[in-house]
Protein chains: 2
Amino acid sequence: MSASGNGLAPVKKRPAYLLVFGALEDAILSGRLSEGESIPTEMELCRQFDVQRSTVREGIRLLEQSGLVVRHGKRLTVVRPKTEEAAESTSRGLARHGVRFIDVWEANIAILPGTARLAARKIKSADRKRLAAITAELSEAGETEATVALSIEYLMAIAEVTGNRVLGVMVHSLKLLLESSLQQVVEALPNPRDRILRAQTEINTALQAGDADQAQAWMARHLEDLRRGYLVAGVDLNSEVGTFDKL
Amino acid sequence: MSASGNGLAPVKKRPAYLLVFGALEDAILSGRLSEGESIPTEMELCRQFDVQRSTVREGIRLLEQSGLVVRHGKRLTVVRPKTEEAAESTSRGLARHGVRFIDVWEANIAILPGTARLAARKIKSADRKRLAAITAELSEAGETEATVALSIEYLMAIAEVTGNRVLGVMVHSLKLLLESSLQQVVEALPNPRDRILRAQTEINTALQAGDADQAQAWMARHLEDLRRGYLVAGVDLNSEVGTFDKL
DNA sequence: TGACCTGGATTGTCTGACAATCATACAATC
DNA sequence: GATTGTATGATTGTCAGACAATCCAGGTCA
């Protein structure tokens, strides 16, 4: 199961700093080093792996960038990266890749109605209150900015209602990609607040009744409505979502 | 917008290796260093930033792990990370986070029907051929393994038909999370090949006709059917998707 | 032209060192 | 007793210089 073709197995000798990184990563992922603990000091690692400190340091830098540890003062402590970071890295990767606004919207329209459907099956009473609260707040929102913020919060809340971390991360990624442009859309739509309010209310009703079909359908309508805003606003849907630097 | 509460802004002096990393990252993201080019040699960077080589190396390690460069022989060359890598990092992040199989399936069911709907609007003739080819191959597949591979390939193909990179990445992430477990399911289902074949055929027909509703509906049915397999197979849907090491 | 060889360039690793910073414990002050 | 200053050791960030292994390019030879 190794040698390639004609002969000797490719003696791939990976550099020592990669071994250091690998060993530490493994220790963390396997739980031998658990959250909150700090990794051994550089000198300790030198002894442990029998390499030089500069080598250890290079390994540690890889670990650092991988998001498995954070500098807490002087020590590096192990963290289970929050889901938000997963979402951020996804968005970042996509943004780097010349994703266009149209892609983001299509993805929203493909994903969120199904998410709303799932939400209808999963919703609990606390969630209902939360959604209702957002809608209530929106009904009193004055400025465009607040309207946008609450619209997005609502979408995120729907994803959270499902209690599904995968959807949570994905919708969060969409949110990050979306945020920069939604403002213009809302500004362009006539009566944006009322339209959004209507949609949220209908979705809330459907969720209240546990009516998955209605929840899905209204979410789809809602998003289509917003998308129409792009046309009205004259936003070029083919322009790229810029790389964003909100660390 | 800085100082916390009562007083002075924290004088944070970032280490030099971070500056090196930042400078290189910026150069790449801004396009001053473009794809395929190799970054300057370590000595060159030493001169440029007026720091020591070990410092430069630490910076380079950060860059390396960030996925913006890859070792090509001895040089580090700039790459725009492929979408696959974005998907991998997303999956990795999710897997690390104790995502359960049930989460992955719910996400599939929430996302893929909408994706199929979009595919119906976007599909081109070349895509139709490709999908038909996969289905044809499946109809001749003997082993379980091939059946699984083709089923997954079909789902990926649907996502690709949409031409939407966001969906592409997300479905790819789902695929990675799913792969490990689907085998068991297919083994447990009675007549797995025929069931899957039926579904693919129906979806193909719907796509052929540009019938978004039918495409969506059949995809949903298809996935529900597969999910049922988990019950039959006795797979514990609440068990966590393990962290996987396929680099 | 194509296979082969050689020397310089570049990376991976080591050795050793020092200043800055952090964590503490202890002493001095109010 | 609580707060503040100080001494001490541990740890990190950075520097300086070195060497072997490997890669690359250009020249040589068939």
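Start with helix H5, residues 101-122 of chain A, and helix H10, residues 212-233 of chain A, which pack at an angle of about 155° with their axes 7 Å apart. H5(A) is therefore roughly antiparallel to H10(A); angles over 145 degrees count as that, under 35 as roughly parallel, 65 to 115 as roughly perpendicular, and the rest as oblique. Axes here are lines fitted to C-alpha atoms, for helices over the stretch in contact, and angles run from 0 to 180 degrees between N-to-C directions. Helices are DSSP runs of H or I with at least four residues, strands are runs of E with at least two, and both are numbered from the N terminus.

Before going on: this is a predicted model, local features need pLDDT of at least 70, side-chain atom pairs count only at pLDDT 80 or more, and totals for chains, interfaces and linings use all residues. Residues are numbered from 1 along each chain as its sequence is written, chains are lettered from A and ligands numbered from 1 in the order in which they are written, and side-chain values use heavy atoms, with hydrogens and water left out.

Back to the pair. On the H5(A) side the contact includes A:Trp105, A:Ile109 and A:Leu112, and on the H10(A) side A:Met219, A:Leu223 and A:Tyr230 are among the residues met. Contact means heavy atoms within 4.5 Å. The residues of this contact of H5(A) with H10(A) divide into 13 nonpolar, three polar and four charged. For the classes, Ala, Val, Leu, Ile, Met, Phe, Trp, Tyr, Cys and Pro count as nonpolar, Asp, Glu, Lys and Arg as charged, and the others, Gly among them, as polar.

How many of the 22 residues of H5(A) are buried? The count is 18, so H5(A) is largely enclosed by the rest of the structure. Buried means under 20% relative accessible area, exposed over 50%, and partly exposed in between, with a 1.4 Å probe and protein chains only.

Next, a pair across chains. Helix H8, residues 165-188 of chain A, packs on helix H5, residues 101-122 of chain B, at about 50°, axes 7 Å apart. H8(A) and H5(B) are therefore oblique to each other. From H8(A) come A:Arg165, A:Val166, A:Leu167 and A:Met170, and from H5(B) come B:Asp103, B:Val104, B:Ala107, B:Ala110 and B:Ile111. By class, the contact of H8(A) with H5(B) has seven nonpolar, no polar and two charged residues.

Now helix H4 of chain A, residues 83-96. Its buried residues include A:Ala86, A:Thr90, A:Leu94 and A:Arg96. The cover over the buried residues of H4(A) includes H8 of chain A, and H1, H4 and H8 of chain B. A:Gly98 follows H4(A), with a positive phi near 70°.

In chain B, helix H3 covers residues 53-65. B:Val56, B:Ile60 and B:Leu63 are among the residues buried in H3(B). Those buried residues pack against elements of both chains, including H1 and H3 of chain A and strands S1 and S2 of chain B. H3(B) is followed by B:Gly67, whose phi is also positive, near 85°.

A:Thr135 lies in helix H6 of chain A and counts as buried at 10% relative accessibility. Leaving aside neighbours within four places in sequence, A:Thr135 is in contact with A:Tyr154, A:Leu197, A:Gln200, A:Thr201 and A:Asn204. B:Thr205, in helix H9 of chain B, is partly exposed at 46%. B:Thr205 and B:Ala215 are ten residues apart in sequence and 8.2 Å apart in space, C-alpha to C-alpha.

Definitions and conventions
The expected span of a helix is 1.5 Å times one less than its number of residues.
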